[in-house]
Amino acid sequence: MYQYQKPTLKTSDFRIPVTFFKPGDLDSPEPDSAGKIEVFSCLCHAYSPSTKDMTILDTHGTQRGLTIDIPDTKGEFIPDNSMTAVISDYRYTAGNGFIEWNVVQVRDDFEKNFSIKIILGVSE
């Protein structure tokens, strides 16, 4: 009898560079004058969102989505919804540069403590 085996993520699957940014802390009357501050950079495993992830992206009104796994940093870096991410891969370019994705949802892997799943979305 066939028994389903959950796919396992290995360290060698983290191949695509990703950089996370948070909004700048400069208090200014001009919108977005503080810019973005780079907070963390690592390699990720990127793939198309699942049906569950697409439902979450639809509720946030995003037109394009992506799911990534990053190695669990054991508290060194904790992503949140105020951040954006840039994936440095030719498949994720638009116009004159890389797409800046919004962090839509973060899911920790409490079972294996191996990776953090992050759902990214952008309204083009």
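What covers the buried residues of H1? I found that the cover includes strand E3 (64-71), strand E7 (100-108) and strand E8 (115-122). My labels follow DSSP runs numbered from the N terminus, with helices being H or I of at least four residues and strands E of at least two.

Ground rules first: this is a predicted model, where local features need pLDDT of at least 70, side-chain atom pairs count only at pLDDT 80 or more, and totals for chains, interfaces and linings use all residues. Residues are numbered from 1 along each chain as its sequence is written, and side-chain values use heavy atoms, with hydrogens and water left out.

Confidence: I checked pLDDT (the predictor's confidence in each residue, from 0 to 100). The chain averages 89, and 92% of the residues score at least 70.

Helix H1 (residues 51-59): I list Asp-53, Ile-56 and Leu-57 as buried (under 20% relative accessible area; exposed is over 50%, partly exposed in between; 1.4 Å probe, protein chains only). They sit on the same side of H1 because they cover an arc of only 100 degrees around the axis, taken from the directions from the helix axis to the C-beta atoms. The face turned away from that side carries exposed Thr-51, Lys-52, Asp-58 and Thr-59. Just after H1, Gly-61 takes a positive phi of about 70 degrees.

Phe-21: I placed this residue in strand E1 (residues 16-23). Phe-21 is buried at 18% relative accessible area. Leaving aside neighbours within four places in sequence, its contacts include Lys-36, Val-39 and Met-83 (heavy atoms within 4.5 Å).
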